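Student: I would like to learn to read this model one feature at a time. Can we start with how helices pack?

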Amino acid sequence: MKSWTFASRFQLPSLTPVLATLGLCIVAIVAVLAPALAPFNPNLQDISQRLLPPLAPGHLLGTDQLGRDILSRLIYGSRISLTVGFVSVALGSSIGTLLGLCAGYFGGLVDDIIRWLMNVFLAFPFILLVITVVAGFGSSAVQLVVILGLVSWTDYAKVLRAEVLSVRERDFVTAARSTGATNRVLMFRHILPNAISPLIVLGSFDAARLIIVAAALDFLGLGVPANIPSWGSMLSDGRAYMQVAWWLATIPGIAIMLIVICLNVLGDWLRDRTDPRSRAVE
Amino acid sequence: MSTNPADVEKPSPDRNVLVVKNLSIVGRGKNGQVALVDQVSFSLRAGETIGVVGESGSGKTMTALAMMRLLPPNVSISAGQILVESEGAVVDLVSASTRTMRKIRGKVLAMIFQDPMTSLNPVLRVGRQILDSLRAHQPKRMSGAREAVLNLMSRVNIPVPAERVRSFPHQFSGGMRQRIMIAMGVANSPSLLIADEPTTALDVTVQAQILALLREITSSSRTATVLITHNLGIVAQQCSRVIVMYVGRIVEEGPVSEIFQRPQHPYTYLLLRAMPRLDSRRGEYLANIPGTPPSPATRLTGCRFFDRCPYRIERCQREEPPLTQVGAGHSARCWVMMENSGSMTQPR
Amino acid sequence: MILFLARRLFEAIAVLIGISLVVFVISRLSGDPAALMLPPEASDEDFAQLRHEMGLDQSLYVQYLTFASKAIHGDFGESIRNFVPATQLVVERLPATLLLACGALCIALTIAFPAGIVAGLNRGSIIDRTVMTFCVIGQGVPVFWSSLLLILFFSVHLHVLPTSGYGRLENLIMPASALGIYTAARLSRLVRSGVIEVASQDYVRAAHAKGLAVRDVVQNYVLRNALLPIVTVIGLDFAALLGGAVITETIFAWPGVGRLTVESITRRDFPVVQASVIMLAATYVVINFLVDIIYRFIDPRIKLR
C-alpha cells in the first residue's frame with residue numbers, strides 16, 4: 001500500500017548498521033591481534049606448498065605462488081588497511097577541520113584563499129595526485145599513510161566550512177562573543193563542537209575511500225613495500241595466476257569489499273541519524 | 001461507487017454536498033498510535049461556507065487532508081465516513097479506491113493549500129499547471145485549452161493573463177500565486193472547495209483581496225467551502241457556520257452569529273476575547289490563553305481543555321463531556337457552559 | 001549574468017594557476033631532473049651544463065614563470081624516454097580515455113536512472129531494498145577487483161571477451177563496465193534520494209489534489225524536479241572518470257592518458273607526468289565551469305539577468 005508520496009506504508013526494519021559495526025569491530029580485533037591469530041608468518045615462503053586451493057590441510061584459504069599462507073597474509077593485511085582507515089583519516093580530517101573552521105569563521109580573504117586551495121586540490125584526479133606525490137617522495141608505509149591524509153583534507157574542509165557558516169549565526173555564539181571571548185575560544189569551544197557531527201559521517205566514507213585508494217596503490221606496486229603484506233598487493237599477485245588459482249585474486253578483494261561496505265553502511269546510518277533534513281517517520 | 005444504504009443521507013433539494021460522520025484519524029509515532037482527530041462530524045450544503053478554527057495541532061488540517069485522502073505516510077483514517085456525491089451516486093471517500101479518488105479530486109472536491117510557493121511546481125510554467133488541472137478531468141482538448149486557461153486567470157483577477165501565462169511561479173508575488181492556486185482549484189467547478197489557511201502566508205492587505213475573491217467565486221457558483229483558519233476575524237467575514245476544534249475534537253459548533261455572541265465553550269470564549277479589537281482601550285493588555293494544548297499522545301481522561309480552563313469543575317477531569325446541543329444548530333462539548341458560569345466566576 | 005560569468009572565469013583561472021603551481025612544486029621537490037638524465041658518473045661540469053640548458057640554475061621564480069608560460073602554449077617539454085613532445089603524447093592518448101569514460105558513463109546512466117527512479121517511487125518495498133543492496137555492494141567493490149573478476153569470468157572461463165586490447169566493441173565492454181559500476185551505484189542512490197525527497201513535497205501533493213493521473217504526476221512533477229540537480233553531478237562524475245580510469249586502463253592495457261601517466265611516473269618521465277596531470281586537472285576545471293553555466297540555463301528558478 002503506497003501513500004501519495006510513493007512510500008510504502010510498511011517500513012522494513014533494518015539491522016545492517018549493527019552488522020556493519022560488528023564487522024568493523026571484528027576487523028579491528030583481527031588487526032590488533034594479528035600475530036596471535038595468524039597461523040603462519042605471512043612472509044614465510046614454501047615453494048613446495050605453492051598454489052594450494054582453499055580448504056587445503058593447514059591452509060584454510062590456500063597459498064599463493066610463493067607458498068605463503070593466504071589466511072595469514074589476509075590477517076596481517078588488515079593492519080595496513082586499518083592504519084590507513086584511522087591514521088590517514090585522522091590526519092586528513094584534522095587538517096580539513098582546521099582549514100574549514102578558519103575559512104568559515106574568518107570569511108573574507110582567508111575564506112577565498114582556502115576555497116581556492118580546495119578547488120585546486122579537487123581538480124586533480126585523486127588517485128593520480130596520490131600516485132604522483134608518492135612517487136615523488138618515496139613510499140614507505142608511513143609515508144603512504146601520511147600522504148593519503150595530506151591529500152584528502154578537501155572534503156572535510158568543505159563540509160566543515162558550511163557547518164561553521166550556519167553555526168556562526170546562532171544565538172549562543174553571539175552571546176559568547178558579547179562576553180568578550182577571543183576568536184580562539186569561540187572557534188574551538190563554541191563553534192567546533194556544534195559543527196562536528198557531519199564529520200563523523202564523512203570520516204566513515206572517507207576511510208572507505210582511502211582504503212580502496214591505498215589498496216589500489218599497492219596493486220600498482222606503488223604503495224607499501226613488498227615485504228609488508230597488503231590486500232592490494234595480494235590482488236596484484238593474483239592477477240598473473242587467474243587461470244590456475246582464482247582464489248589469489250578473489251579472496252583479498254572480498255576482504256576489501258567487506259570492510260568498505262561496512263564503512264559505507266555505517267556512514268549511511270550515521271548520516272540518517274544526524275542529518276536534520278532527513279525526514280523521520282514521525 | 002460504494003454506499004452504505006443504512007447511513008446514506010438521501011439527496012434533498014437543499015441537499016448536503018458533504019457529510020462527515022465520526023471521522024477519526026490516527027498517526028503512527030515512536031510509541032505507537034496517537035489519535036489526531038477524534039470522531040468529528042459535520043455536514044455542508046451547497047453554497048455554504050463553514051469555518052474550521054483551532055490552534056496548531058487541533059487536527060483541522062488533518063481533517064482536510066483526510067477528505068482528500070492525502071494524509072502523510074504515517075497517518076491514516078481509523079474510522080468514520082466522508083460522504084460526497086459523484087456522478088449521481090453517493091461515495092464514501094474513506095473506503096473509495098485510488099482510481100475513484102483520482103476522479104473525484106479536482107472535480108468534486110478541490111483543495112487550496114496554505115503556502116502557494118511550495119504548492120506550485122517550480123519548474124513548470126503557470127499556464128501549464130492550470131492546464132493540468134483542466135486536462136485531468138476532461139479529454140485532451142486540442143482547441144480552446146488556452147482560452148480556458150486565460151479565462152480562469154482573468155476570473156481570479158490576474159492582470160494581463162496572456163503575458164503571465166508563460167511565467168514561472170517564482171516570478172509572481174504571494175498574492176498572485178494564491179490566485180493561481182484558486183484558479184486551479186475551481187477549474188473544474190467542484191461542488192466542494194477546501195481552503196487550508198489560504199491567507200496565512202500573505203500580507204494583510206493581500207489577505208483581504210484573496211478573501212473577497214473566494215467569497216465572490218464560491219457564491220456565484222454555489223460552491224460549498226470548508227475554510228480552515230486560526231483567525232476568528234476571517235471566520236466572521238467569510239463563514240456562515242463555524243466548528244471549533246481542540247486537540248482533535250470538536251468543542252463547539254454552530255452559526256457564526258450565535259457563536260460570536262453567545263460562545264458556550266470556555267475555549268471559544270477565550271479565543272474570542274483574545275482577538276485584538278479596534279475598540280479596545282489603550283494600554284489594555286491582549287488577553288491570551290495561558291498554557292499550550294496537550295500533545296495528542298498524552299493519555300488523559302476527562303476534558304482535554306481541563307488544565308487551561310478557568311471555569312473547570314471537578315467533573316471535567318473525570319469525564320469527557322459529550323457534544324451537547326445548546327441552541328438551534330449550536331452544540332458545545334462542556335460540562336460548565338459559559339451561560340452557567342456567568343460573570344461571577346473569575347479565571348483562576 | 002555577465003558579472004557571474006566574469007567571476008567564475010576569474011576563479012577558474014586562479015585555480016588553473018594554482019594547479020600549475022602545485023605541479024611545479026611537487027616536481028621540483030621530488031628530485032633533480034638533471035640527475036635523471038645523466039648517468040651518475042657524469043662530471044660536475046656536465047651536470048652544470050645540463051642544468052644551465054634546462055634553466056635549472058635560475059631562480060625558482062623565473063623557472064616557474066618559464067614553466068607556466070610554456071604550459072599555456074601547451075609546451076611541456078619532451079619525454080625523457082623518446083624525446084617526443086609530452087603534450088603530443090598526452091593528446092594522442094586522450095581519445096582512448098574519453099571513449100572509456102563515455103562508455104562507463106553510458107553504462108552507469110543506463111543502470112542508475114531506471115534503478116533509482118523505481119526504487120524512489122517504491123520506497124520501502126522489496127525492490128527498493130534490492131536496489132539499495134546493489135548500490136551498497138557496487139560502491140564497495142574496488143575497480144581493480146571488479147576488473148579482475150570480470151576478466152576471470154568472461155575471459156578466462158567463458159572466453160567471450162578479450163582480456164585487453166583496443167579498437168573493437170568487445171574491448172570496451174569490460175573496462176567500461178568495471179569503471180562504471182561505482183558510478184552506477186552512486187548515481188542510483190542520488191536519483192533515488194532525489195525522487196524520495198521530491199515525492200513528499202507540497203507541490204506533488206497539490207498535483208495529486210488536482211486529480212492528475214499518476215503517470216503525469218511522476219513525469220512532470222516528480223521527475224522533472226528530482227533529476228534537475230543530478231545533471232551537475234553527472235557532468236562532474238564524467239570529469240572524475242577521465243582521471244580516475246587509471247587502474248582500469250592499466251589492467252586492461254587500455255592506451256589512455258591514465259596509463260600513460262602511471263608508466264611515466266614509474267619511469268620518472270617528468271615532462272609527460274606534468275603534461276598529463278595538468279591537462280587532466282585543467283579539463284576538470286573547464287568541465288566544472290561549463291556544468292555550472294549549463295545548470296543556470298536549465299533551472300528556471302535561477303534568474304538570468
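Student: Is the crossing of H12(C) and H13(C) left-handed or right-handed?

Tutor: A crossing counts as left-handed if the near helix is turned anticlockwise from the far one by less than a right angle, and as right-handed if clockwise. For H12(C) and H13(C) the crossing is left-handed. Bear in mind that this is a predicted model: local features need pLDDT of at least 70, side-chain atom pairs count only at pLDDT 80 or more, and totals for chains, interfaces and linings use all residues. Residues are numbered from 1 along each chain as its sequence is written, while chains are lettered from A and ligands numbered from 1 in the order in which they are written.

Student: At what angle do helix H12 and helix H13 of chain C pack, and how far apart are their axes?

Tutor: Helices (H or I, at least four residues) and strands (E, at least two) are DSSP runs, numbered from the N terminus. Axes are lines fitted to C-alpha atoms, for helices over the stretch in contact, and angles run from 0 to 180 degrees between N-to-C directions. Here H12(C), residues 257-266, meets H13(C), residues 270-298, at an angle of about 145°, and the axes are 9 Å apart.

Student: Which residues of H12(C) and H13(C) meet?

Tutor: Two residues are in contact if their C-beta atoms, placed from the backbone, lie within 7 Å. From H12(C) come C:Val257, C:Leu260, C:Thr261, C:Ser264 and C:Ile265; H13(C) brings C:Val272, C:Val273, C:Ser276, C:Val277 and C:Leu280. By class, the contact of H12(C) with H13(C) has seven nonpolar, three polar and no charged residues. In this scheme Ala, Val, Leu, Ile, Met, Phe, Trp, Tyr, Cys and Pro count as nonpolar, Asp, Glu, Lys and Arg as charged, and the others, Gly among them, as polar.

Student: How is chain C divided into domains?

Tutor: Domain bounds come from an automatic or database domain assignment. For chain C that assignment gives domain 1 (2-71) and domain 2 (87-298). Their centres, taken over C-alpha atoms, are separated by 34 Å. The contact takes 11 residues from domain 1 of chain C and 10 residues from domain 2 of chain C. On the domain 1 side, helix H1 (2-29) and H2 of chain C are the elements that give two or more residues.

Student: In what order do the four strands of the open sheet in chain B lie?

Tutor: Strands of a sheet pair through backbone hydrogen bonds, either parallel or antiparallel. Two strands pair if DSSP finds at least two bridges between them. In chain B the order is E2-E1-E4-E5, and the pairing is antiparallel. Strand E2 (32-45) and strand E5 (89-92) of chain B are the edge strands, each pairing on one side only. From one strand to the next, the twist averages 10°. E4(B), residues 75-86, is joined to E5(B) by four bridges, and B:Glu85 stands opposite B:Val90 in E5(B).

Student: How many residues of domain 1 of chain B are in contact with domain 2 of chain B?

Tutor: Chain B is assigned domain 1 (5-239) and domain 2 (246-277 + 287-339), with C-alpha centres 27 Å apart. In the contact, 19 residues of domain 1 of chain B meet 14 residues of domain 2 of chain B. E2 and helix H9 (232-238) of chain B each supply at least two residues of the domain 1 side. E2(B) gives the most to that side, with seven residues.

Student: How many residues does the contact take from chain A and from chain C?

Tutor: Chain A gives 41 residues and chain C gives 45 residues. On the side of chain A that touches chain C, H12(A) has the largest share, nine residues. The residues of that side divide into 30 nonpolar, nine polar and two charged. Chain A itself has 12 helices and zero strands.
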